[in-house]
Amino acid sequence: MDAITQTWPWYVSGFIIGMVMLLLNYFGKVFGMSSNIRTLCTIAGAGKFSEFFRFDWKSQIWNLVVLAGAMLGGFVAVHYMSDPTNVDINPQTIEQLATLNIDAPNGKLAPEALFGNEVFSSPKMLAILLIGGILIGFGSRYAGGCTSGHAISGLSNLQLPSLKAVIGFFVGGLIMAHFLLPLIF
């Protein structure tokens, strides 16, 4: 059971992701989570209002199964298979979080101050979540896909637009972490 509950080395996880991508390429499928939003909107009837949502959503049903599996897998992992003793965060990261008045995650991957339930009772944090969600949605649409679609699927297919998007994701993340996050907190 320890092999399942402990964090896997990068080379094991990377190998599994690579094998999944080979299988998807073999079957002619393209992986990406943001495409599920388009499919869900189409199922809900958004095609009545926009041409973008008029497509055969049934051809993408397999990707909805991936979405459901990711949600179920995340729930099972957090509630039944997580061992907080194996999370080792760099002490410099903990110090940097402390300068922003964010407590150390204490054995979790994410600090409670940012990802706990009390976030939903703070108007400031709700505004940050709303604005961040809108920006992520706009960015995913503008870039032609999300981080998982570009970084995993696009790069494995050697697509230049995906390389440009991934570089943009990293640059944006660095700008956010080093310049904007201290202004917000």
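I began with L100 and looked up what it meets: leaving aside neighbours within four places in sequence, L100 is in contact with L181, P182 and F185, where contact means heavy atoms within 4.5 Å. I note that this is a predicted model, in which local features need pLDDT of at least 70 and side-chain atom pairs count only at pLDDT 80 or more, while totals for chains, interfaces and linings use all residues. Residues are numbered from 1 along each chain as its sequence is written, and side-chain values use heavy atoms, with hydrogens and water left out.

**Core**

I then found L100 in the largest nonpolar core, which has 6 residues in all, the others being L97, I102, L114, V119 and M125. Such a core is a set of buried Ala, Val, Leu, Ile, Met, Phe, Trp, Tyr and Cys residues joined through side-chain atoms within 4.5 Å. For burial I use these limits: buried means under 20% relative accessible area, exposed over 50%, and partly exposed in between, with a 1.4 Å probe and protein chains only.

I also looked up T99, which is found in helix α5 and counts as exposed because its relative accessibility is 64%. T99 and P182 are 83 residues apart in sequence, yet their C-alpha atoms are 8.8 Å apart in space.

**Whole chain**

Stepping back, I counted 9 helices and 0 strands, taking helices (H or I, at least four residues) and strands (E, at least two) as DSSP runs numbered from the N terminus. The C-alpha trace spans about 50 × 40 × 35 Å along its principal axes, and of the 185 residues of the chain 19% count as buried. Among contacts with a separation of 6 or more, 48% are accounted for by residues 24 or more positions apart.

**Largest pocket**

I next turned to the open space in the model. Rolling a probe the size of a water molecule over the atoms shows where empty space is left. A pocket is, on a 1 Å grid over the protein atoms alone, an open set of points where a 1.4 Å probe fits, with protein on both sides within 12 Å along at least five of seven lines, whereas a cavity is a set from which the probe cannot get out; lining residues have an atom within 4 Å of a point.

The largest pocket has a volume of about 1,300 Å³, a volume being the space filled by probe spheres set on the points, which are joined across faces, edges and corners. I listed 34 lining residues, of which G173, M176, A177, L181 and I184 lie nearest the centre of the pocket. Helices α5 (91-99), α6 (112-115), α7 (123-143) and α9 (160-184) each supply at least two residues of the lining, and the largest share, 12 residues, comes from α7.

By class, the lining has 25 nonpolar, 9 polar and no charged residues; here Ala, Val, Leu, Ile, Met, Phe, Trp, Tyr, Cys and Pro count as nonpolar, Asp, Glu, Lys and Arg as charged, and the others, Gly among them, as polar.

S153 counts as buried because its relative accessibility is 1%, and, not counting residues up to four places away in sequence, S153 touches M21, V30, F31 and S148.

L158 lies in the loop between α8 and α9 and has a positive phi of about 60 degrees although it is not a glycine. L158 counts as exposed, because its relative accessibility is 77%.

T42, found in helix α3 (residues 34-43), is buried because its relative accessible area is 11%. Not counting residues up to four places away in sequence, T42 touches F53, F55 and W57.

The structure holds 1 salt bridge, defined as a side-chain nitrogen of Lys or Arg within 4 Å of a carboxyl oxygen of Asp or Glu. I found this bridge between the side chains of R54 and E51, at 2.6 Å from N to O; R54 counts as partly exposed at 45% relative accessibility, and E51 as exposed at 55%.

Last, I looked at F75 in helix α4 (residues 61-80), which is partly exposed with a relative accessible area of 43%. The C-alpha atoms of F75 and A46 are separated by 29 Å, the two residues being 29 residues apart along the chain.
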